[in-house]
Structure formats: C-alpha cells, structure tokens
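Q: I am new to this structure and would like to learn how to read it. Could we go through it together, feature by feature?

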Amino acid sequence: MDEKIKQALIEIVGKENYTDSLIDMVSFSYDASEHSHRPACAVWPSDADQVAKILRLANSEKIPVIPRGAGTGLSGMAVPIKGGIILDLSHMNRIVKISIEDRLAVVKPGVVYVDLEKALEPFGFFFPPDPASGKVSTLGGNVATNAGGLKGAKYGTTRDYVLGLQVVLPDGRIMRTGSKAMKSVSGYDLTRLFVGSEGTLGVVTEITLKINPKPTATSTALATFDSLADAGNAINQIMHSGIIPSALEILGRETLAAINENTDLNLPEVDAMLLAETDGYTREETDYQIKKVIQVFEENNAREVKQARTDKEVEDLWAARKSAYAVLARIKTHFVLEDVTVPMTHIAELLKGVEEISRRHDIQIATFGHAGDGNLHPQILYDGYDQEQVRRMEAASADLFKLAIDLDGTLTGEHGIGLAKAPYMTLEHDPVAMDVMRHVKKMFDPNNILNPGKMGLEE
Amino acid sequence: MESKYEFEEKYREQILKCSRCGFCQAVCPVYGATLRPALNARGKMLLLKEVMDGKIGLDDQLIETLFQCTTCANCFHNCPSGVDVPEIIKAVRQDMVRAGSCHPAFEGMNEVLEKHTNIYAEDEPEDFERVRNRKAEYVYFIGCVGSYREDEPTMAALDLLDRLKVDYTLIDEVCCSGVLEDVGFSIKEHLAEKNMALILETGAGTVITGCPYCFRTFNDKLQYSRLREAGVKVVHITQFLQDFGFGVKTDKRVTYHDPCDLGRHCGIYEEPRNTIRKIATDFVEMPDNRENALCCGAGGGVRGAYAKNSIAMARRRLEQVEEVGAEIVLTECNSCVHNLANAKLRRQKFRVYSTTEFINELMEEAE
Ligand SMILES: Cc1cc2nc3c(=O)[nH]c(=O)nc-3n(C[C@H](O)[C@H](O)[C@H](O)COP(=O)(O)OP(=O)(O)OC[C@H]3O[C@@H](n4cnc5c(N)ncnc54)[C@H](O)[C@@H]3O)c2cc1C
Ligand code: SF4
Ligand code: SF4
C-alpha cells in the first residue's frame with residue numbers, strides 16, 4: 001500500500017485498526033467459496049463517519065474497497081479480486097435499540113445474527129431469516145446478500161424485514177433510506193435496492209429490522225419416498241392443503257447414502273426424505289397442521305411416515321438433515337455448495353436433473369435443501385488439486401445453472417452471485433435488465449471502487 | 001509431492017478439508033477477544049494451506065497467529081469438517097521451531113526447563129509444611145502453577161485431603177514438561193524420569209493431580225508410559241473427590257467453569273458437577289458450558305506470550321459469570337483460577353476458587 005494512503009487511513013481509523021501484515025492479508029483473501037485474492041490492506045472502522053472518510057479517500061484515489069462481514073459468503077462476494085482495502089465491519093457490532101412496541105430492532109452491521117437472536121429471546125421475539133451460518137454471519141452481510149434460511153417458505157428472507165438503512169455511498173455521502181414505520185410508500189424503494197446488492201452500491205452502516213413474535217410450539221414429521229415423483233407431488237399438494245409448514249426440507253438419495261456411510265444413523269436409502277415442521281402457539285394448532293401434512297405424505301405413497309412425540313424424537317428426526325452439510329464437507333477435500341432455486345412444481349425435475357448431471361460429468365453431487373421454497377443445495381464434491389475433476393465440476397455447475405433457468409428458476413436463492421456465478425448472469429437476465437443494472441452501478445459508483453469485479457456488472 | 005514440513009505429512013488432508021465456513025469464529029476465544037480473523041482457526045488453516053501451496057513461508061511472520069492459540073479445541077468441537085486445529089497447530093509449532101521461528105516466550109520456557117525444575121525458574125520449592133517423598137497410598141502431584149503461583153488453593157487442597165484422612169504424600173516434583181510439546185519443543189526426558197522415579201519410590205498405587213494438564217501428560221504421553229506399566233493409576237482430584245461426602249453446604253449461587261484440558265480434552269464434565277451439587281444448593285450453569293465452554297485464555301502458552309489478549313479472553317468468560325448472577329465461580333485447574341482471578345474487575349464481586357479450596361473453606365468455617 002502506498003505510504004501516503006496508508007498514513008491517511010491510519011489517521012482515520014487509528015494505528016491499531018489498520019493492517020497490512022501478511023497474516024491478515026492472507027485471511028482476508030478468502031471467504032467460504034473457492035475464490036481468493038490478496039487485498040493491499042484492511043481497516044476496522046468504528047462508525048459511519050470513519051467509513052465515509054475511507055470511501056472519500058478511496059474514491060479520489062480510485063482504490064477498490066471491499067466491505068466485509070464475517071466472510072461466510074459462498075460465492076466469493078467478499079473476496080478482493082482486484083486488491084484494494086478490506087473494510088472489516090465486525091467492530092461496528094452494537095445493538096442500538098430494540099423496540100417491541102414499534103416491532104423493530106436497530107443494529108450496526110457487524111452484529112452477528114445469533115447475538116440479535118439472543119437479545120430478542122427474552123421478549124419472545126425473533127428475526128426470522130435464520131441462515132444456517134447465523135452463529136457467525138453478520139447482519140450487514142445478511143442484508144447485503146439478502147440471506148434466507150430454513151423458514152423461508154413461511155417467513156420470507158431478510159428482504160422482507162428490512163425497514164430502513166443507513167448507507168455510506170462510494171463518494172462518502174451518508175444516506176438514510178426507508179422509514180421506522182411499519183409501512184411506507186414514500187419515493188423509490190431505495191432500501192430494497194441495497195438489500196442483496198453484495199456491497200457493490202454502498203456500505204450499510206445501520207439497519208432497522210422488523211421483528212416477529214416467536215411461535216412457541218412446533219410439530220415435526222418425517223416421510224420417505226421410493227420415487228422422486230411421489231415426493232414432488234407431496235410437496236405440491238402440501239401447498240394445496242392450505243398449510244404453510246415453517247420448514248419443509250428434502251434430502252436426496254446421494255445425500256442419504258453419504259450420511260449412512262459416515263454415521264450410524266441408518267437411514268433408508270430411498271429417492272427422497274422430506275422433513276416438515278409446523279409452528280404456532282399451541283400444540284393443538286401445530287398438531288392439526290402436521291396431521292394435514294402427514295395425510296398428504298400418505299396419499300402420495302410415502303414408504304414410511306413418523307411424527308415426533310417428544311423433544312428427543314424431534315431431535316432424532318432432524319438428525320439426518322442437520323448432519324448433511326458436515327457429512328458432505330468431509331468426503332472430499334473440496335466442494336461447492338450451490339443454491340439453485342425453482343418454482344416448487346419443478347423441485348422433482350430439478351432433483352432428477354441434478355442426478356443426470358452428476359452421471360454425465362462423472363462427479364459426485366449430493367442434494368438437500370429447502371423444498372418449501374424451491375431452494376435446493378446440490379453440493380458438488382471433488383479434489384481441487386486434480387485439474388480434470390475441477391474441469392468436470394465446472395462443467396457440472398454450468399449445466400446445473402442452465403437447468404435451473406430452463407425450469408423457470410434462478411441461479412441463486414440465497415448465496416448470491418459474487419464471482420462464482422458472475423459468468424452466468426446473462427443466462428438469467430436479459431440484455432435490457434443487465435444494461436439497467438450496470439447503469440444503476442455506474443450511477444452510485446462511477447469510479448467502480450466498491451467491490452469491483454462482482455455480479456457480472458463489468459462487460 | 002514431497003512435503004517440506006512434517007505437519008504436512010500428517011495433516012495435509014485435514015487442512016484442505018477446512019471449507020472456510022468460518023463456524024469456528026463463533027467459538028474461538030482468540031477471535032472473540034480480538035475480532036481479528038487472522039487469529040481465528042480459519043485464519044490459521046488458510047495460512048497453512050498457502051504454506052503447503054508454496055505461496056508463503058513458514059516463518060516469523062506467522063508466529064503471531066500460530067503461537068496464539070490456547071489449544072482449547074472449541075473450534076474442533078464445532079467444525080463441520082472435523083479439522084483438529086489444536087493438534088495441527090502443535091505439529092506446526094514443532095516445524096516452526098525446527099525452521100528457527102518461535103515465539104521468544106516459548107524459547108525461553110524451553111531454556112528454563114533445561115536448567116531448572118519448573119517453568120518459573122524458581123529454585124526454592126514451596127514445602128507446603130508437609131513431609132515429602134514418604135511411603136503412602138497416594139501421591140499428590142501439584143503442578144507448576146499450583147506450586148509457585150496459586151499456593152493458597154494448593155494449601156487448601158492439601159488441608160482438604162487431610163480432613164478427608166487421605167494417606168498421601170507430596171514428592172520433590174519437577175515440571176511434567178508436557179506443555180513443551182504444545183509450543184514446539186519436546187518433553188524433557190530427565191524431568192519425566194525424575195517424576196516417575198519419585199512416584200514409584202513412594203509405593204503409591206494412584207497419583208492424584210491438581211492440574212488437568214499434568215493429568216493428561218501422565219496418562220497420554222509416551223515418556224510417562226513407565227507409570228502405566230507399573231500399574232500406577234493417575235486421576236485428577238475432581239475424579240477422586242466425587243466419592244466423598246463433605247457434610248457442608250453453601251446457599252451462595254455457584255457456577256462452574258470447565259477447564260478445556262479436563263472438559264473438551266478428557267470428557268470430564270459430570271464429576272466436578274456431582275461434587276458441587278453436594279455442597280451448593282443454588283448451582284447454575286453459564287450459557288456456554290461443558291463441551292461448549294468458553295476458554296479462560298490461559299492455555300497453549302498464550303498467557304505467557306500474549307498476556308493482554310489472554311486477560312481479554314478471561315474477561316469474556318467472566319461476563320458469563322456475571323450474566324448468571326453467580327457469587328462463586330469454581331473450576332478445577334489452577335491456570336484457570338489464576339487467569340480468571342487476574343482478569344476479575346474490582347466491580348465484579350464474585351469470587352474465583354478451585355473446588356477443593358472452596359470446600360475446604362466451608363469445612364473450616366463449619367468447625
Ligand atoms: C456453512 C454455511 C451455511 C450457510 N447457510 C446460509 C443460509 O442458510 N442462508 C443464506 O442466505 N446464506 C447462507 N450462507 C452464506 C452466508 O453465510 C451468507 O451469505 C451471509 O449473509 C454472509 O454474511 P457475512 O457476514 O459472512 O458476509 P460476507 O461474506 O463478509 O460478505 C458477503 C457480501 O456482503 C457484503 N457486505 C458485508 N457487510 C456489508 C455491509 N455492512 N455493507 C455492504 N455490504 C456488505 C460483502 O461485500 C460481500 O459482498 C452459508 C454459508 C456457509 C459457509
Ligand atoms: S469450522 Fe472448521 S471447516 Fe469451518 S473454517 Fe473453521 S476450521 Fe475450517
Ligand atoms: S484451539 Fe481454541 S484458540 Fe486455538 S484456534 Fe481453536 S478455538 Fe481458537
């Protein structure tokens with residue numbers, strides 16, 4: 001880093017909050033994807049004013065700035081692919097306010113998801129998106145990636161809860177969007193533009209979130225299906241039944257086999273396993289809902305159906321789903337975790353298609369995911385030091401994206417575009433949409449300093 | 001591919017299996033105290049991956065993170081990919097020392113144990129007013145921290161054993177030197193030999209250790225296998241005490257801090273709790289307990305080498321003591337007692353004890 005700029009940064013954040021030492025540069029080169037690139041330096045700002053000063057400096061010197069939360073992104077979104085300054089927001093981690101009466105929480109971007117959850121618990125409230133990375137990922141990161149989770153089908157994603165933001169623009173101006181009111185149609189919806197923008201338009205420095213009362217009762221059931229078609233029909237019919245489960249998860253054959261090979265859970269090796277949870281405030285209510293779900297399972301030739309009666313049984317039913325990621329993560333030295341998403345009527349086709357792609361490219365792909373909102377996680381397992389396997393993995397990914405789009409779906413339901421899916425943006429978005437996105441980026445960030453090289457915005 | 005370092009031979013696969021998920025960030029005490037990702041388990045694994053790829057060298061620049069790990073194993077316990085970070089770190093430190101890169105504090109510790117019998121280079125052993133090296137049923141092995149830094153808890157533990165009429169002896173013990181293996185060096189054979197000879201001379205069938213680390217060293221390390229061959233059992237005092245009744249009770253609110261060396265590393269969670277429940281009517285758990293317990297920050301040589309961060313880690317643990325409103329925090333490791341007590345702020349009114357010291361105090365008061 002240029003000595004003059006280094007001194008200017010140190011002036012802004014203080015010596016202890018600036019680093020260009022090797023150990024930091026290596027750790028800031030990565031996120032949870034397979035991408036990496038070294039930054040030139042990193043800073044830990046403590047408030048929006050410091051962020052504004054840093055951006056003003058970077059903008060005039062035309063140096064890339066990459067906002068970073070916990071670095072758990074799965075698409076290389078926080079990887080400084082063009083070098084520059086890492087803006088680690090984890091020190092801005094204060095919960096500013098919780099107002100149950102106004103049904104909102106105001107937080108700084110570095111607050112970790114689980115810390116807000118813990119703070120809301122005594123009030124019986126929660127912030128529903130619940131990403132599986134919630135113990136580590138930051139709310140700023142959740143907003144910038146529009147994170148979702150298990151409960152997406154019933155409760156939506158981060159987007160549905162962001163009422164307003166404070167954002168620092170690339171030129172250093174500080175802007176407030178949205179309102180603290182529960183609803184607002186005042187002007188363009190700038191808030192939503194920033195949700196899911198992957199740090200390419202502005203740096204989120206404060207978030208106002210809508211919060212929900214937390215249901216106190218749940219019921220859980222599990223079913224296995226010999227045929228994918230039956231499982232697919234069951235998923236569709238549940239929606240017809242008028243019940244929206246709080247979770248509806250699916251595990252594919254390959255995943256079940258992998259779990260069996262690596263644990264003693266002894267699962268039936270069927271085409272699909274579905275796990276449903278309903279929630280509410282009394283057991284009668286949630287049991288009523290789960291009975292309807294079970295009825296649908298049975299009508300669609302489920303081989304076996306189980307309902308949990310005790311906490312222990314609930315835990316047992318979830319065991320397979322909960323172990324899936326860790327089991328698959330241990331099989332090969334490398335994997336990519338995709339998150340293609342399709343309309344629910346196409347889930348069975350998507351699963352079948354994934355199996356075909358796996359066979360065609362001779363590469364192991366195990367699938368699990370959120371059947372309730374059409375979001376699947378095919379996990380492609382390979383050895384990253386074997387160029388031939390890398391090539392097959394890439395070819396399989398490309399086919400997977402194409403399949404999702406052919407099924408009226410999307411490249412990514414929750415993990416974002418970043419670097420990994422940037423080459424496929426034009427597969428999903430028509431030239432007009434791409435043109436508009438590029439113009440939006442140019443308007444906010446004419447010098448392309450904020451998280452450059454992401455989302456396929458550069459032609 | 002021929003590997004340049006020994007750690008690669010053993011741990012290459014595991015290091016590559018780190019998927020960079022970052023889950024360890026939620027539990028790593030060093031990260032928690034510093035919010036610096038390079039010091040987290042993931043940061044450490046990424047550096048080692050780049051070392052294996054030949055992108056960076058295993059040199060002095062890496063000392064700050066690779067020698068700043070308490071080996072608490074909380075990352076390993078929570079790692080979806082099963083990466084045994086503390087064991088990897090220990091192996092890497094050996095390679096670093098061989099390559100001439102080591103934190104000066106540990107070089108110093110190794111040198112001290114060349115010349116002296118304990119890590120503090122104290123020449124006058126505390127005699128704890130007891131006859132040493134006599135024939136007895138049990139040997140009580142104190143450990144360096146208990147001998148030279150936390151002598152009050154040690155005196156209390158001995159008083160308690162007397163009250164319980166246990167036939168034990170102290171020996172002219174020397175440092176078990178297990179810690180050297182964690183910080184890049186090896187156990188000193190001559191120290192191990194001396195301890196074993198003294199223990200065997202007493203004719204004792206069981207060694208009771210006051211220190212969970214000595215307990216692990218005696219039980220697990222090759223250099224101490226002669227004890228096992230001679231049929232001498234080694235137990236930690238918490239295991240020994242659980243069969244006793246004490247006839248005293250406190251109504252103060254008590255909580256328990258699981259030392260990493262006893263908990264995550266040995267799976268000993270219930271024995272101390274069984275004992276504490278006998279004497280405390282109001283026993284509460286901290287939010288992170290048993291296998292999820294937050295490290296006190298003293299282990300892996302971190303207290304010596306990175307004192308400020310070590311204290312910061314202890315403060316985070318003490319916040320949990322406050323959170324549950326405990327008046328007494330008990331633990332089973334003198335290193336934990338030492339670090340937690342040092343980190344305690346004046347406004348924090350609770351007290352930190354080893355379980356034995358607390359029980360002894362209750363019995364003393366009752367007399
Ligand atoms: C095991 C595992 C499970 C996961 N499960 C889920 C899941 O269930 N659902 C899901 O949605 N995701 C999931 N993810 C992906 C990831 O956790 C989410 O994308 C998360 O929201 C990222 O948060 P972060 O704090 O780690 O952000 P980072 O990875 O640090 O950053 C992500 C992006 O956000 C930008 N950014 C971060 N903070 C700000 C800010 N304050 N202002 C502007 N831009 C910012 C960065 O520039 C980057 O582009 C998972 C990841 C892993 C490893
Ligand atoms: S939890 Fe394990 S796999 Fe995940 S980053 Fe940490 S060491 Fe790597
Ligand atoms: S062993 Fe403990 S201190 Fe070391 S990296 Fe793992 S969690 Fe951090």
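Q: How many residue pairs are in polar contact between chain A and chain B?
A: A polar contact is a pair of N or O atoms within 3.5 Å; within protein, one must be able to donate a hydrogen and the other to accept it, and residues adjacent in sequence count only if both atoms are side-chain atoms. Between chain A and chain B there are 14 such residue pairs, both residues at pLDDT 80 or more. On the side of chain A that touches chain B, helix 2 (22-27) and helix 11 (311-331) each supply at least two residues; helices are DSSP runs of H or I with at least four residues, numbered from the N terminus.

Q: What should I know about the model and its numbering?
A: This is a predicted model, where local features need pLDDT of at least 70, side-chain atom pairs count only at pLDDT 80 or more, and totals for chains, interfaces and linings use all residues. Residues are numbered from 1 along each chain as its sequence is written, chains are lettered from A and ligands numbered from 1 in the order in which they are written, and side-chain values use heavy atoms, with hydrogens and water left out.

Q: How many salt bridges are there between chain A and chain B?
A: A salt bridge is a side-chain nitrogen of Lys or Arg within 4 Å of a carboxyl oxygen of Asp or Glu. The count between these chains is 3. B:Arg20 forms a salt bridge with A:Glu34, with the closest N and O atoms 3.1 Å apart.

Q: How much area do chain A and chain B bury between them?
A: Buried area is the accessible area (1.4 Å probe) that two parts lose on being put together, summed over both. Here it is about 2,800 Å², 57% of it on carbon and sulfur atoms. A:Ile23, A:Tyr30 and A:Tyr385 supply 24% of the area that chain A buries against chain B, more than any other three residues.

Q: Which domains does the assignment give for chain B?
A: Domain bounds come from an automatic or database domain assignment. For chain B, that assignment gives domain 1 (6-102), domain 2 (138-241) and domain 3 (250-366). Domain 1 and domain 3 of chain B bury about 1,400 Å² between them, 59% of it on carbon and sulfur atoms. B:Gln68, B:Thr70 and B:His77 lose the most area on the domain 1 side, together 30% of what that side buries.

Q: Which residues are around ligand 3?
A: A residue counts if one of its heavy atoms lies within 4 Å of the molecule. Among those around ligand 3 are B:Cys28, B:Cys69, B:Cys72 and B:Cys75. Helix 2 (29-34) and helix 3 (41-52) of chain B are the elements that give two or more residues to this shell.
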